[in-house]
Amino acid sequence: MHPSDHGRRVAALFDGIAGWYDFLNHFLSAGQDVFWRRRLVRHVCRRSAPVVLDLAAGTQDVSREILRQCPEARVLAMDFSRPMLRAGAGKTAALPVQADGRALPLPDTCVDAVTIAFGIRNIVPRADAYREILRVLVPGGRLCILEFGTGRARIWKGLYNFYLSSVLPRIGHFFSRDPGAYQYLADTIRAFPDAGTLCRELLEAGFDRVGCRPLSSGIVYIHVAQKPFVRTL
């Protein structure tokens, strides 16, 4: 599938479940998604009054958490799906902008940090997003990713894998009435690279100081990567 066609398909899926997105996130994760986002944002606010790009912001839960932990921050909430951004309206003082992560409508070296929670799976090819993120980050700025680990790894003796492949799509379908959206979620988690491979991707893209940490037995991972400082002779 061509990247543009993929992007339109993903946008249509999320447009269709925007009204259920927050409820299903909390329900399907047993509330753990709140904890995961808090842990992600701890890696973000290292400077006073930072400018932060919350990419694939969805309904702006991460944007809200950034401003809770770092009230002086300025946050741009960008997402490919306008209905998702509208569903999060009123949650936060972040500036919502509809945008493609492969072509950010921002000047070079203008943000101190970029977050992307459960969104990097949906961007094809990921290399285009990495290139744009490096472009807009200041030297030394951080990319902080929260994403599911690969669904191919057995977790909790395979119980999580059964939940992912059989239970999650059925629950998502029951509530959202969209048979494709949560099957897509399960399929992309299974196809996603493992944590080590994603670290190598980030290094190959040009980031340095790349590291990762598992949460909830490896159901999700936080990856943190830095844009290298410019060296002058």
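**Cavities, a pocket and some rings**

Me: The UniProt annotation "binding site", from an unreviewed entry, covers Thr59, Asp79, Asp100 and Gly101. Which of these residues does the lining of the largest cavity include?

Reply: Thr59, Asp79, Asp100 and Gly101 are all in that lining. Keep in mind that this is a predicted model, and that the annotation may be inferred rather than shown by experiment.

Me: What makes Asp79 count as buried or exposed?

Reply: Its relative accessible area is 10%. Buried means under 20%, so Asp79 is buried. Asp79 sits in strand β2.

Me: Which residues is Asp79 in contact with, leaving aside its neighbours within four places in sequence?

Reply: With those neighbours set aside, Asp79 touches Ala56, Ala57, Gly58, Met84, Leu85, Val97, Gln98 and Ala99. To count as a contact, heavy atoms have to lie within 4.5 Å.

Me: How does the lining of the largest cavity divide by residue type?

Reply: You get 17 nonpolar, nine polar and six charged residues. One thing to watch when reading those numbers: Gly counts as polar.

Me: And what lines the second largest cavity?

Reply: The second largest cavity, with a volume of about 50 Å³, is lined by Glu147, Phe148, Gly149, Thr150, Phe192, Pro193, Asp194, Ala195, Leu198, Tyr221 and His223. The elements giving two or more of these are β5 (137–148), α9 (195–205) and β7 (220–226).

Me: Phe148 turns up there. What makes Phe118 and Phe148 an aromatic pair, and is it stacked, edge-to-face or tilted?

Reply: The ring centres are 4.8 Å apart, and the cut-off is within 6.5 Å, so they pair. The planes make 40 degrees; stacked needs under 30 and edge-to-face over 60, so this one is tilted. Phe118 lies in the loop between β4 (111–117) and α6 (126–136), and Phe148 in strand β5, so the pair ties together parts that are 30 residues apart in sequence. Both Phe118 and Phe148 are buried.

Me: How many aromatic pairs does the rule give?

Reply: Seven. There's also an aromatic cluster, made of Trp20, Phe23 and Phe27.

Me: Which elements cover the buried residues of α6?

Reply: The cover includes β1, β4, β5 and α9. The α6 residues that are buried are Arg126, Ala129, Tyr130, Glu132, Ile133, Leu134 and Val136.

Me: What lies nearest the centre of the largest pocket?

Reply: Leu28, Ser29, Trp36, Phe148 and Leu168, out of 30 lining residues. The pocket has a volume of about 540 Å³. At least two lining residues each come from α1, α2 (21–28), α3 (32–41), α7 (159–176) and α8 (181–191), with α8 giving the largest share, six. By type, the pocket lining has 22 nonpolar, six polar and two charged residues.

Key:
Residues are numbered from 1 along each chain as its sequence is written. This is a predicted model: local features need pLDDT of at least 70, side-chain atom pairs count only at pLDDT 80 or more; totals for chains, interfaces and linings use all residues. Side-chain values use heavy atoms; hydrogens and water are left out. On a 1 Å grid over the protein atoms alone, a cavity is a set of points where a 1.4 Å probe fits but cannot get out, and a pocket is an open set with protein on both sides within 12 Å along at least five of seven lines; lining residues have an atom within 4 Å of a point. Grid points are joined across faces, edges and corners, and a volume is the space filled by probe spheres set on the points. Helices (H or I, at least four residues) and strands (E, at least two) are DSSP runs, numbered from the N terminus. Rings of Phe, Tyr and Trp (its six-membered ring) pair if their centres lie within 6.5 Å; planes under 30 degrees apart count as stacked, over 60 as edge-to-face and the rest as tilted. Buried means under 20% relative accessible area, exposed over 50%, partly exposed in between (1.4 Å probe, protein chains only).
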